[in-house]
Amino acid sequence: MASENEEIQSVAKRDPNFMLSLARGLEVLNAFTPQRQRLTISQLSQKTHISRAAVRRCLYTLATLGMVHSPDGRSYELLPRVLTVGHAYLAGTPLAKAAQISLDNLSKSLSQSCSVATLDGDDVLYIARTAVNNLVSIDIGRGSRLPAWATSMGRVLLSALPEAELEAWLGRAKLIRYTQYSITTIAQLREEIALVRRQGYAINDQQLEIGLRSVAVPMLALGGKVVAAMNVGVPAAELTVADLRAQILPPLRRAAAELSMSL
């Protein structure tokens, strides 16, 4: 399978209007994740399949623009100015605006953290979130990304993909053991996604973070297409999986259905 950088270069050769340097810069930015917030030139080169020399030029340009910096002269991390790139989209789309209002109401009624996310490549992209407790070790907010396979919202969104797209996605998925409960094989993940399709919701029981349980449902646009997922996260010490189904799932489904009607 061709690397993403090879695909970018292929497009650049076919299309004279395609800016290869801009594409490379965006690939470097996308290489930073909540789990890997500080990366060296070598690590960025390995993740993006872009030469070290090109990565170095990208970082020099991004640093000049105030988007990255190197606190130790060796590794790089993002600066807040990067948020301006996507903030207008995340804050201004009708879905994000409506979702935030819905989440605020749902969170207030349940006294739990609630989120809405869309599928973006191999990740879920949080477009709205209301947090009432700190259940995870990383700071999750609007614009955060997590591996789709490891989250309840991601599995809901993956279950809505056409079979051919899902198989292509599974073919490139890289599973990580976050906890002792994590799914670690593609066969297990395929079974879990099939279950989500049958029951219409996904439950993640401490597979991403010990102490965190979540349940997610799809959000439908006109015509029945799944456009996003909504979830509620709860402390595992307070609510069991049975509690999620009995106490959290019904109001979550109602909130998602009401929000879907406004799309």
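1. A word on terms before we start: contact here means heavy atoms within 4.5 Å. Please also keep in mind that this is a predicted model.

2. Let's begin with H3 and H4. With contact taken in that sense, Ile 41, Ser 42, Leu 44, Ser 45 and Thr 48 of H3 meet Arg 52, Val 55, Arg 56 and Leu 59 of H4. Sorted by class, this contact of H3 with H4 has 4 nonpolar, 3 polar and 2 charged residues.

3. How are these two helices set against each other? Helix H3 (residues 41–48) packs on H4 at an angle of about 110 degrees, and their axes are 9 Å apart. Angles of 65 to 115 degrees count as roughly perpendicular, so H3 is roughly perpendicular to H4. The crossing of H3 and H4 is right-handed.

4. H4 also packs with H2. The axes of H2 and H4 come within 9 Å and cross at roughly 80 degrees, and therefore H2 and H4 are roughly perpendicular to each other. From H2, the residues Arg 24, Gly 25, Val 28 and Leu 29 meet Ala 54, Val 55, Cys 58, Leu 59 and Leu 62 in H4. By class, 7 nonpolar, 1 polar and 1 charged residues make up the contact of H2 with H4. It is worth looking at Val 55 and Leu 59 on screen: both are listed in the contact of H4 with H3 and in the contact of H4 with H2.

5. Which helices each supply at least two residues of the lining of the second largest pocket? They are helix H2 (20–30) and helix H4 (52–64). H2 gives the most to this lining, with 6 residues.

6. The second largest pocket holds about 270 Å³ of space. Its lining has 14 residues, and the closest to the pocket centre are Ser 21, Leu 22, Gly 25, Cys 58 and Thr 61. By class, the lining divides into 9 nonpolar, 3 polar and 2 charged residues. Two names return here: Gly 25 and Cys 58 are among the residues closest to the centre, and they are also part of the contact between H2 and H4.

7. Finally, there is a pair further along the chain. Helix H7 (residues 152–159) and helix H9 (residues 186–199) pack at about 75 degrees, their axes 9 Å apart; H7 and H9 are therefore roughly perpendicular to each other. Arg 155, Val 156, Leu 158 and Ser 159 in H7 meet Leu 189, Glu 192, Ile 193, Val 196 and Arg 197 in H9. This contact of H7 with H9 divides into 5 nonpolar, 1 polar and 3 charged residues.

Methods: Residues are numbered from 1 along each chain as its sequence is written. This is a predicted model: local features need pLDDT of at least 70, side-chain atom pairs count only at pLDDT 80 or more; totals for chains, interfaces and linings use all residues. Side-chain values use heavy atoms; hydrogens and water are left out. On a 1 Å grid over the protein atoms alone, a cavity is a set of points where a 1.4 Å probe fits but cannot get out, and a pocket is an open set with protein on both sides within 12 Å along at least five of seven lines; lining residues have an atom within 4 Å of a point. Grid points are joined across faces, edges and corners, and a volume is the space filled by probe spheres set on the points. Helices (H or I, at least four residues) and strands (E, at least two) are DSSP runs, numbered from the N terminus. Ala, Val, Leu, Ile, Met, Phe, Trp, Tyr, Cys and Pro count as nonpolar, Asp, Glu, Lys and Arg as charged, and the others, Gly among them, as polar. Axes are lines fitted to C-alpha atoms, for helices over the stretch in contact, and angles run from 0 to 180 degrees between N-to-C directions. Angles under 35 degrees count as roughly parallel, over 145 as roughly antiparallel, 65 to 115 as roughly perpendicular and the rest as oblique. A crossing is left-handed if the near helix is turned anticlockwise from the far one by less than a right angle, and right-handed if clockwise.
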